[in-house]
Amino acid sequence: MREACRDGNVRVSLTAHTASQGGMTAAMKEDDILHDLTPEQRVIINNSRFSNEDLAPIPAGDRTWSMINIAHLWVGMSVCIPTYMLASGLIEIVMNWWQAILTVALGNLIVCIPMLLNGHAGTKYGITFPIFARAAFGIYGTHVASVLRAVVACGWFGIQSWIGGYAIYRLAILAFPGMADSYIIPLLSNDLVSVNIWQFLCFLLFWAINIGLFLWKGMDSIKYIEHWGAPLLIAMGVALLVWAWINADGFGPMLSQPDRFDTRADFWRAFFPGLTAMVGFWATLSLNIPDFTRHARSQKDQMMGQFLGLNTTMPFYAFVGVAVTSATIVIFGEAIWNPVDLLARFDNLGLILVSMFALALATLTTNMAANVVAPSTAFCNFLPKIISLRGGALITGIIGILIMPWKLLADPDGYIFTWLIGYSGLLGPIGGILVCDYFLIRRTRMKLADLYEREGAYAYTYGVNIRAMVALAVAIAPNVPGFLTRVDLIQASAFWADLYNYSWFTGFAVGFAVYGILMKMPGQKA
């Protein structure tokens, strides 16, 4: 069923809805209608300097990802070594195991809300995150939002590539032990981490696998890898739990270990920074989730697929990490948090090969979806007629090396409280502005064709929505003193240092409120 829209677009209905009790056909809801362009508009957009084949809206009939595809996407992204080790940082800051898992689960429930909300636009209009952000930030202003997201993704790409390369390295030194004594590269090392030549080469090998697959198959590579990888990754988690239970005659002492808080106030002081870090773990995807939901067949598919895939896999794999690590205390006499180090302790070469392959697959499924797509799209959006999505992936890979991710991972305290919380203070405000613009200001109605026009509804002031920029600056500002205190550049008061622990929540709320107020004021708006 097709009907003309007021802005000249075409609405395409994919499903008919029936009333559950009366058996009567229900009226078509606005949110169940997928928007598309007329053939004439598509020709104009394809010739626009603000578009290319990677940025143009996906035709409604070509949006084929089901709920299972979206759920598989989240299983593949969630099952990774950082998730396995996620609860470890919380336990190290004196939580017990169930407090850590609860913090992980609650953080994912919270971040799922903006994930579903921003994903709505991708499914309804078939657009990427940088195009979606044009409505709020402007045809040029979108670069601010997309590049902030891209820089974080480049960091994550480097981290995941280093982890995958480390798995290959540990497997290699089992066959060639002398590799462990190879030359240490001074430029890449510091007091916390030493990087030898073979470690770095294994990192580059895994880096090349990630970039090569994306250059070869583009977005299709993600769909197929996640489809086949998700069941294997779940099976790996279950197998690790069974192994731990059998060999430790239970899950070991960590699950009976109490927390180390003296008072309830001490717990809350640790809980909220930890919760913010858990929200920050996927705050990145809560912004660019339209890059994936634009492929979904319906809102139901994207919402149910995301909710089920994210909120089951993350707590489960965090628990696997805690339970298996607890068992290693009994089996090996020490807590081994890194699964790569754990698997290297096995004495069955066949089992080691299969396990290392599973770890590499887990890292690959996360890295390609979560950390390649967003920056590739952002760089593509900069110069659509020059940089393709694949070209953007190559730029992403280069930055992922230059950021030296091994140094971020070397310090668990810095990883959680500087990296995760720090960037959540940047991305929370963007999320608040986007949600406010799409739902409060526009009521989910956008002029699709105008998102690709220099003189369209989203031109604002020379292509930049000044009100969005003001809201972004105001929302980021409260988190700056706490961050600078955290990295020892200044010494702010206790108030600002404590506020930094809530950086995503503060940024999201302030960005939402300030943007809403400014856009309701008299003046030019789309």
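Contact means heavy atoms within 4.5 Å. I start my notebook with that rule.

**Entry 1: ground rules**

I am working on a predicted model, where local features need pLDDT of at least 70, side-chain atom pairs count only at pLDDT 80 or more, and totals for chains, interfaces and linings use all residues. Residues are numbered from 1 along each chain as its sequence is written, and side-chain values use heavy atoms, with hydrogens and water left out.

I also note how helices are counted. They are DSSP runs (H or I, at least four residues), numbered from the N terminus. For exposure, buried means under 20% relative accessible area, exposed means over 50%, and partly exposed is in between, with a 1.4 Å probe and protein chains only.

**Entry 2: Tyr462**

Leaving aside neighbours within four places in sequence, Tyr462 is in contact with Tyr140 and Arg454. Tyr462 sits in the loop between helix 17 and helix 18. Is Tyr462 buried or exposed? Tyr462 is exposed, and its relative accessible area is 71%. Its phi is near 50 degrees, which is positive although the residue is not a glycine. I then checked a distance. Tyr462 and Ile81 are 381 residues apart along the chain, and their C-alpha atoms are separated by 44 Å.

Arg443 lies in the loop between helix 17 (412-441) and helix 18 (466-476). Arg443 is not a glycine, yet its phi is positive, at about 55 degrees.

**Entry 3: helix 2 and helix 12**

Next I followed helix axes. These are lines fitted to C-alpha atoms, for helices over the stretch in contact, and the angles run from 0 to 180 degrees between N-to-C directions. The axes of helix 2 (residues 67-78) and helix 12 come within 7 Å and cross at roughly 30 degrees. Helix 2 and helix 12 are therefore roughly parallel. I wrote down the angle classes: under 35 degrees is roughly parallel, over 145 roughly antiparallel, 65 to 115 roughly perpendicular, and the rest oblique.

The crossing of helix 2 and helix 12 is right-handed. Right-handed means that the near helix is turned clockwise from the far one by less than a right angle, and left-handed means anticlockwise. Helix 2 brings residues including Met67, Ile70 and Trp74 to the contact, and helix 12 brings residues including Asp301, Met304 and Leu308. By class, the contact of helix 2 with helix 12 has 9 nonpolar, 6 polar and 1 charged residues. Here Ala, Val, Leu, Ile, Met, Phe, Trp, Tyr, Cys and Pro count as nonpolar, Asp, Glu, Lys and Arg as charged, and the others, Gly among them, as polar.

I also picked out His72, which is found in helix 2. His72 is buried, with a relative accessible area of 16%. Not counting residues up to four places away in sequence, His72 touches Glu226, His227 and Ala230.

**Entry 4: helix 9 and helix 12**

Helix 9 (residues 219-248) and helix 12 (residues 299-332) have axes that come within 9 Å and cross at roughly 30 degrees. They are therefore roughly parallel to each other. Which hand does the crossing of helix 9 and helix 12 have? It is left-handed.

**Entry 5: helix 6 and helix 14**

The axes of helix 6 (residues 129-137) and helix 14 come within 9 Å, with a crossing of roughly 60 degrees. That makes helix 6 oblique to helix 14. Pro130, Ile131 and Arg134 of helix 6 meet Thr377, Ala378 and Asn381 of helix 14. I sorted this contact by class: 3 nonpolar, 2 polar and 1 charged.

**Entry 6: the cores**

A nonpolar core is a set of buried Ala, Val, Leu, Ile, Met, Phe, Trp, Tyr and Cys residues joined through side-chain atoms within 4.5 Å. How many residues has the largest nonpolar core? It has 134 residues, and Phe137, Trp282, Phe292 and Met446 have the most contacts inside it. Helix 14 (residues 349-382) gives the most to this core, with 14 residues. Apart from it lies another core of 8 residues, among them Trp162, Val193, Val195 and Phe200.

Definitions and conventions
Helix = DSSP H or I, 4+ residues; strand = E, 2+ residues; numbered from the N terminus.
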